[in-house]
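Student: I'd like to learn how to read a protein model, one feature at a time. Can we go through one together?

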Amino acid sequence: MAVLIKTEGLEKIYNAGRPDEVRALREVSLEIDAGEVVVLKGPSGSGKSTLLSLLGCMTRPTSGRVTVAGRDVSRLPERFLTEVRRETFGFIFQQFNLLRQLSVLDNVLLPLYPLPCSLREMHRRAEALLDELGLSLRQHLKVRYLSGGEQQRVAVARALVNGPQIIIADEPTAHLDSGLAGELMEILGRLNGQGKTVVIATHDRFVYEHPLVGRIVPLHDGRLEADPP
Amino acid sequence: MLRHLKILEFAVAATLRHKGRNLAILVVYSLVITILASVLFLTRGLKEEAQRVLAGAPELTVQRLIAGRHDLIPTSYGSILASVPGVGRVTPRFWGYYYDSLTSCNFTLLGLSAGGGDHLELLAGRLPTGSGECALGSGVATARRTEIGDDLVLIDSHNLGVSFEVTGIFAAEAALLTNDLLLLPETDLRVFFNFPEGSATDFEVQVFNPQEVATVAAKIKQRLPDTRPITRSEILRTYDSVFSWRSGILLTVFASALLAFCILAWDKATGISAEEKREIGILKAVGWDTADVLELKVWEGLILSLTALLLGLIFAWVHVYWFDSTLLAPVLKGWSVLFPRLVVTPHVDLYQLFVITFLTVTPYVASTVIPSWRAASADPDSMMRS
């Protein structure tokens with residue numbers, strides 16, 4: 001399989017030079033192949049969310065390099081970084097990060113506004129996804145009236161609506177019971193089956209022991225531990 | 001283009017989502033614009049009226065001063081005035097003020113000499129030609145509820161009621177001077193006010209060369225030291241500065257309200273909440289770039305401020321031109337509150353609209369966009385965590 005994401009000597013320091021400086025990642029070098037399901041595993045504060053943000057072009061490294069599909073994105077200007085993020089990644093966040101005052105449909109439409117497609121096309125794509133995820137009857141409800149599992153499915157729909165190559169999921173089961181967590185893993189399995197690469201940050205045993213997961217990358221204190229055999 | 005339209009559509013929806021908050025801002029914002037626009041409309045309207053009226057006024061008016069006060073002028077001065085080089089026609093005028101206790105209004109009574117009154121624009125009827133007739137300004141007609149053919153009774157200087165038949169009513173345009181005007185035949189007016197024989201109120205003096213008005217005025221002052229020659233431009237300047245001064249006072253008072261509103265708007269915008277930062281972070285995370293977020297904020301600011309501008313201008317227009325500037329007239333028109341109701345002619349001035357737009361829309365949009373810029377330039381990751 002071809003390498004899709006590659007990091008070399010990745011470091012991330014928050015509040016550099018200030019008393020509250022935090023060294024979140026140290027010397028992280030990692031390769032993720034296309035079509036893989038990788039779990040970044042580690043306790044809170046181990047740097048998995050930071051690494052996920054760097055892999056997903058949500059922030060830039062303090063030093064080191066991130067390559068996505070052969071393109072070095074670590075020093076890309078903001079505009080191009082956004083373009084890579086928009087065209088390559090779909091994000092599922094721990095807190096869902098939905099806009100609570102918007103309807104289900106409007107939340108799913110969000111990534112499509114900057115794309116060159118008509119409003120009709122936007123609606124067609126979003127409604128098809130909501131239908132696939134069993135949310136078509138709820139599409140006009142404000143997301144704040146949905147259950148946790150439903151909100152997570154809305155987040156999944158939003159992550160998929162721009163047809164990304166890579167799904168980035170940060171603690172996706174943190175607010176779900178085991179039944180809903182299983183449902184989510186099933187959805188991720190389906191997406192992987194369609195050829196999408198899935199990178200998950202979690203410390204939930206249910207997730208990292210799930211048969212879908214191809215590789216576990218353990219993190220501790222911002223460092224990469226050796227891959228388990 | 002499609003992208004901009006979609007972001008505009010999102011901005012409209014976002015504005016409608018925060019109905020309560022935006023409605024409150026809209027009310028205050030529109031009120032601020034209404035006050036500002038009313039002051040500017042009315043000031044401009046009054047200046048326009050003055051200019052229009054004075055366009056038909058003589059180049060020079062000569063009054064007599066006694067003890068520093070305006071007094072009746074001997075008609076014999078007419079020949080001296082006519083002998084000043086550069087002077088054309090010299091016409092004595094007979095006019096005076098009349099307080100009408102019935103309506104609590106001050107009217108200006110003007111004597112019409114034979115063949116005079118050409119510059120006065122009649123709305124209906126004709127100018128008085130014979131004794132016992134009169135023509136009225138539209139304000140007088142309204143105040144007295146009088147129409148053409150009615151009789152108007154006034155109390156003369158002997159405290160006797162005199163009846164005049166209304167033959168014409170002046171047009172409402174250029175109402176600043178004709179609004180309170182009551183035109184009588186000259187002989188009737190002299191009897192009504194009991195003018196002493198051989199005296200007039202003042203003289204209208206025609207000057208052949210408009211460039212020499214000031215020189216002619218100086219010569220008149222030299223020959224007749226007890227007179228005061230007043231040029232048309234002086235009157236216009238006086239009107240201009242009086243209205244400017246009054247509107248300046250009002251605008252100074254208003255500036256504090258505008259400043260308070262700007263502080264409120266700035267506070268609203270700079271106090272960009274964690275929720276708003278999170279929203280910007282989410283938009284960026286799902287693929288909006290900084291320019292998209294800023295465009296959204298510009299649209300949001302424009303939707304609110306242009307709506308407020310439109311409402312403010314409409315309210316100001318209605319206030320000034322339909323309701324006679326009820327709130328501002330006592331300050332801006334000054335003593336003329338004793339006039340019959342003065343309706344300022346509607347007048348659109350693009351420069352004025354630009355000033356109002358610049359003073360009200362720009363600060364609001366800027367105070368909406370600038371803080372969002374800071375948030376939109378940051379990493380989406382850090383914005384969502386804040």
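This is a predicted model: local features need pLDDT of at least 70, side-chain atom pairs count only at pLDDT 80 or more; totals for chains, interfaces and linings use all residues.

Student: What is phi of B:Arg145 near?

Tutor: First the general idea: most residues other than glycine have a negative phi. B:Arg145 isn't a glycine, yet its phi is positive, near 50°. Chain A has a case too: A:Glu27 has a positive phi of about 45°, and it isn't a glycine either. You'll find A:Glu27 in strand E2 (residues 22-33) of chain A. With 14 other C-beta atoms within 10 Å, A:Glu27 counts as partly exposed.

Student: Which residues of helix H7 (residues 213-223) of chain B are buried?

Tutor: Here's the idea to have in mind: an α-helix has 3.6 residues a turn, so residues three or four places apart point the same way. In H7(B), the buried ones are B:Val213, B:Val216, B:Ala217 and B:Ile220. They cover an arc of only 105° around the axis, so they lie on the same side of H7(B). Over on the other side of H7(B), B:Ala218 and B:Gln222 are exposed.

Student: What do the buried residues of H7(B) pack against?

Tutor: Quite a list, all in chain B: strand E1 (60-66), helix H3 (77-82), strand E4 (87-93), strand E13 (202-207) and strand E14 (227-231).

Student: Now for pairs of helices. At roughly what angle do the axes of H9(B) and helix H12 (residues 350-377) of chain B cross?

Tutor: Roughly 50°, and the axes come within 9 Å. To call a pair roughly parallel, you'd need an angle under 35 degrees. H9(B) and H12(B) are therefore oblique to each other, and their crossing is right-handed. The contact is made by B:Lys277, B:Ile280 and B:Lys284 from H9(B), together with B:Ser372, B:Ala375 and B:Ala376 from H12(B). Sorted by class, that's three nonpolar, one polar and two charged residues.

Student: How do helix H5 (residues 148-160) and helix H6 (residues 178-193) of chain A cross?

Tutor: Their axes come within 10 Å and cross at roughly 15°, so H5(A) and H6(A) are roughly parallel to each other. This crossing is right-handed. On the H5(A) side you have A:Gly148, A:Gly149, A:Gln152 and A:Val156, which meet A:Leu180, A:Glu183, A:Leu184 and A:Ile187 in H6(A). By class, the contact has four nonpolar, three polar and one charged residues.

Student: How many helices and strands does chain A have?

Tutor: Seven helices and ten strands. Of the 229 residues in chain A, 45% are buried.

Key
Residues are numbered from 1 along each chain as its sequence is written. Chains are lettered from A and ligands numbered from 1 in the order in which they are written. Axes are lines fitted to C-alpha atoms, for helices over the stretch in contact, and angles run from 0 to 180 degrees between N-to-C directions. Helices (H or I, at least four residues) and strands (E, at least two) are DSSP runs, numbered from the N terminus. Angles under 35 degrees count as roughly parallel, over 145 as roughly antiparallel, 65 to 115 as roughly perpendicular and the rest as oblique. A crossing is left-handed if the near helix is turned anticlockwise from the far one by less than a right angle, and right-handed if clockwise. Two residues are in contact if their C-beta atoms, placed from the backbone, lie within 7 Å. Ala, Val, Leu, Ile, Met, Phe, Trp, Tyr, Cys and Pro count as nonpolar, Asp, Glu, Lys and Arg as charged, and the others, Gly among them, as polar. A residue is buried if 20 or more other C-beta atoms lie within 10 Å of its own, exposed if 12 or fewer, and partly exposed in between; C-beta atoms are placed from the backbone. The arc is that of the directions from the helix axis to the C-beta atoms.
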